Amino acid sequence: MEEAIKAEFLRSGFNLDDEEEILKKCHTFCLNYNIEPSDLVSSWEVYYLNRQLEESVVKEADMDGFLGHLQNEQVEAVVKKDPNLHMYSFKDVDMILDAEDEDTKEVILGTPTDKSERLHSDIYDSAHKTNGNIYSSGKISKLVTPFGKRSNKFVVKFNIDNLPAIETVNGIHDDENLEDDIIKRIQPHKSCSLVVHRSGPEPGCRFMYDRVEDKFNALENRIGKHATALVASRLYEEPVDPSVASQRSIFAVGMICCDGEGHLNDKSILLQSSVEHSGGQRVRLELNKLSQFSVFPGQVVGIKGHNPSGHCLIASEIVDSIPLSIAADTNLPPAKKQALDGEIHGTKLSCAPAEITVIIAAGPFTTTDNLLFEPLRELLTYSTRKCPQLLILLGPFIDSEHPQIKKGTVDMSFDEIFQLEVLRKVQGYLEYMGPDARVIIIPSVRDANHDFVFPQPAFDLGSLSVNHQITNLTNPGLFEADEVKIGCCTVDILKHLSGEEFSQHSKDGKPSDRLSRLASHILSQRSFYPLYPPAEGVPLDFSLAPEALHISLVPDLLILPSDIKYFVKVLSLGGTGTSEGEEQMKKCVCINPGRLAKGEGGGTFVELKYLGSPDKMNASIIGI
């Protein structure tokens with residue numbers, strides 16, 4: 001088994017430091033937890049990504065941490081099979097000790113008569129409060145410091161700075177105390193104009209009506225668009241049927257599929273071509289002659305190769321992206337656009353470079369020990385000091401994975417919690433900041449108070465006094481802020497792709513940055529969710545707004561919140577030569593702001609100043 005484990009590590013692009021010792025431990029892990037070598041290496045990849053390890057080298061020093069990761073996965077698998085089963089941990093011991101230490105104190109969980117009192121009484125002191133059925137234990141966790149008692153506040157964890165030194169943000173933001181009772185009020189320098197690309201479902205739409213025909217048409221259209229675009233680039237010939245035996249080199253376009261259950265491997269890769277070219281037939285795809293590649297189920301690719309037997313297409317070249325000079329949607333009607341603040345927008349059509357300041361945060365917005373939404377309050381307080389032109393809030397807001405939401409121990413409706421704890425805070429922020437401030441709100445499929453479907457309609461917020469300053473986007477969504485193109489998707493596509501991707505690195509070259517490669521797949525495929533079949537728990541509905549997942553233009557900023565560790569990366573696309581000369585390379589800034597709340601503690605968010613180009617920006621990932 002040790003040889004099989006070693007082969008799986010090498011196939012995934014990892015080298016072994018102390019080979020003998022590491023293989024012995026990995027062999028033991030496989031025996032103890034009854035897992036296959038391929039599953040072990042998949043778990044290592046998740047651990048490697050979450051820990052942001054620098055090199056693609058498996059070291060013995062990381063084995064203890066990896067063992068803890070495997071144990072957590074086993075616990076989660078057991079609890080998932082039997083939700084009523086309780087796995088005891090040190091927190092249960094803490095709870096018992098707390099009860100013994102405070103046996104003279106009796107806590108009565110009452111029900112306040114007024115709903116706002118129930119959620120807002122003493123909201124700024126969350127460490128030891130009980131509040132209706134929304135309460136925290138008040139015990140400091142040994143793993144994560146409870147949010148109210150955290151010590152490191154607003155510390156920069158990562159920074160990309162291409163601006164002059166005077167605009168640099170380093171270390172802890174501001175020398176002033178962020179907890180001053182009086183906060184200096186500064187108005188935003190100017191408002192930003194917004195143009196929303198409307199292609200998603202409308203609020204109140206009917207869903208769960210997708211048919212097999214809808215799924216077939218959606219996949220067929222994707223293959224057809226890629227084939228049309230590749231041929232239009234004049235770099236590739238007209239695609240042919242890859243399942244027909246041929247001794248000469250051919251060019252085919254199709255979708256990567258897996259032969260059976262489980263993950264892709266070198267023996268299970270199939271290519272499904274379009275109905276037009278092959279009647280939708282699948283043929284086995286062999287990639288052994290390629291020095292490097294990266295494929296996943298649902299990826300549409302062009303393949304140069306030959307099929308001598310008619311049963312296996314042997315690839316000599318793989319084309320996994322569309323040339324930037326070709327519009328993939330030339331035959332489609334233009335997406336609907338809604339111009340907001342038309343008068344402002346009309347005055348900003350000059351040739352001046354795009355410039356915008358933005359703060360980006362993704363939910364959950366409250367810690368797991370209560371529903372007080374302290375991280376959201378702290379974020380809005382921070383925003384009043386920094387005065388960004390745009391504040392982007394991405395769901396989940398009322399997280400269906402929150403312990404109290406899952407158990408149903410709250411005595412308010414989800415909509416009421418959303419109105420009182422989220423919208424009221426956002427409304428107060430906008431009223432304080434004045435009419436030039438703007439907020440973008442994007443839902444998540446984890447929002448308990450919203451439609452469980454993807455693509456997902458925007459929130460219907462009804463009538464608010466600051467409704468004109470709040471823009472509700474679909475999930476996924478595309479919009480322009482002062483001519484800066486921004487794309488957002490709250491489904492964790494990066495995590496899903498990381499579990500399904502099958503790749504091989506060049507033996508001579510340096511392994512590529514995997515996070516950048518995963519994010520590049522989104523742009524190369526021109527789709528916010530190119531993975532098919534979708535990951536478990538993703539309610540993908542092809543009958544709703546077929547073009548909602550399509551990326552009609554390469555955005556300047558691509559926001560992809562993920563459970564994978566936070567990052568800001570500059571992606572480069574294009575550079576392919578054409579008959580008219582070299583194609584200009586396009587750069588896109590991909591942002592994973594992390595989660596604003598993690599467990600009982602704080603998470604991260606992103607502060608960005610963008611001056612028209614990735615070469616002129618300051619992006620900081622800040623711990624709340």
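Visitor: Which residue in β11 is the bridge partner of Phe251?

Guide: This is a predicted model, and in it the bridge partner of Phe251 in β11 is Lys304.

Visitor: How do you know that strand β7 and strand β11 pair?

Guide: Two strands pair if at least two bridges are found between them. Strand β7 (residues 246-258) and strand β11 (residues 300-307) have seven bridges, in the antiparallel sense, so they count as paired.

Visitor: What do the five strands close into, and in what order?

Guide: A barrel, in the order β7-β8-β9-β12-β11, with mixed pairing. From one strand to the next, the twist averages 55°.

Visitor: Which helix lies across β7, β8, β11 and β12?

Guide: Helix α7, residues 212-232, does, and its direction is at about 140° to β7.

Visitor: Why is α13 called roughly perpendicular to α14?

Guide: The axes of helix α13 (residues 493-500) and helix α14 (residues 514-524) cross at roughly 110° and come within 10 Å. Angles of 65 to 115 degrees count as roughly perpendicular, so α13 is described that way relative to α14.

Visitor: Which residues of α13 and α14 meet?

Guide: Ile493, Leu494, Leu497 and Ser498 of α13 meet Arg514, Leu518, Ala519, His521 and Ile522 of α14. By class, this contact of α13 with α14 has six nonpolar residues, two polar and one charged.

Visitor: What makes a residue count as buried, and what percentage of the chain is buried?

Guide: Buried means under 20% relative accessible area. Of the 624 residues in the chain, 50% are buried.

Notes: Residues numbered from 1 in each chain as written. Predicted model: local features only at pLDDT ≥ 70, side-chain atom pairs only at ≥ 80, totals over all residues. Heavy atoms only, no water. Helix = DSSP H or I, 4+ residues; strand = E, 2+ residues; numbered from the N terminus. Axes fitted to C-alpha atoms, helices over the stretch in contact; angles between N-to-C directions. Contact = heavy atoms within 4.5 Å. Parallel < 35°, antiparallel > 145°, perpendicular 65-115°, else oblique. Nonpolar A, V, L, I, M, F, W, Y, C, P; charged D, E, K, R; others polar. Buried < 20%, exposed > 50% of the residue type's maximum accessible area, 1.4 Å probe, protein only.
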